[in-house]
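Try each task before reading its solution.

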Amino acid sequence: MDSKVSPNGEYVAYAYDFYWNYHQTIEIKDKEGKLIWRIPYQGELPNADPHPYMGIYRWSNDSSQLYFCYSWASDGGDPPVQIYCSNLQQLDIKTGKV
């Protein structure tokens, strides 16, 4: 699990990668731990390496946006070996729109 706290300290983004079934998601929680948004991986997930990997890139400076990306990873280590980041996505923390 990867996590990043927003610059204003109000939110925490968590990236979960479950290797046994390749179910991936990013969750945004407030500072008390209440779930605000859950973003599942969009697309097919193969059962072999390398596989698509959903990871947190960074928060915007004003904490209004979370940037995350899809990349390729291998199960050869912990954390997974990230080959490259592609398909950068932006989540609006107020609306949940990606």
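**Exercise 1. Count the aromatic pairs, then classify each one.**

Start with the rule: rings of Phe, Tyr and Trp (its six-membered ring) pair if their centres lie within 6.5 Å. Planes under 30 degrees apart count as stacked, over 60 as edge-to-face and the rest as tilted. By this rule there are 2 aromatic pairs.

Take Tyr11 and Trp59. Their ring centres are 6.0 Å apart and their planes meet at 20 degrees, so this pair is stacked. Tyr11 belongs to strand E2 (residues 11-18) and Trp59 to strand E5, so to speak distant parts of the chain, 48 residues apart. Strands (E, at least two residues) are DSSP runs, numbered from the N terminus. The model is predicted: local features need pLDDT of at least 70, side-chain atom pairs count only at pLDDT 80 or more, and totals for chains, interfaces and linings use all residues. Residues are numbered from 1 along each chain as its sequence is written, and side-chain values use heavy atoms, with hydrogens and water left out.

Now take Tyr14 and Tyr16. The ring centres lie 6.1 Å apart with planes at 20 degrees, so Tyr14 and Tyr16 are stacked.

**Exercise 2. Decide whether Tyr11, Trp59 and Tyr16 are buried or exposed.**

Buried means under 20% relative accessible area, exposed over 50%, partly exposed in between (1.4 Å probe, protein chains only). Tyr11 and Trp59 are both buried. Tyr16 has 18% relative accessibility, so Tyr16 is buried.

**Exercise 3. Find the ring under the charged end of Lys29.**

The test: NZ of Lys or CZ of Arg is within 6 Å of the ring centre and within 35 degrees of the ring normal. The charged end of Lys29 sits over the ring of Tyr14, 5.4 Å from its centre.

**Exercise 4. Describe the backbone and setting of Ser63.**

Most residues other than glycine have a negative phi. Ser63 has a positive phi, near 65 degrees. Ser63 lies in the loop between strand E5 (51-59) and strand E6 (65-74). With a relative accessible area of 2%, Ser63 is buried.

Conventions
Helix = DSSP H or I, 4+ residues; strand = E, 2+ residues; numbered from the N terminus.
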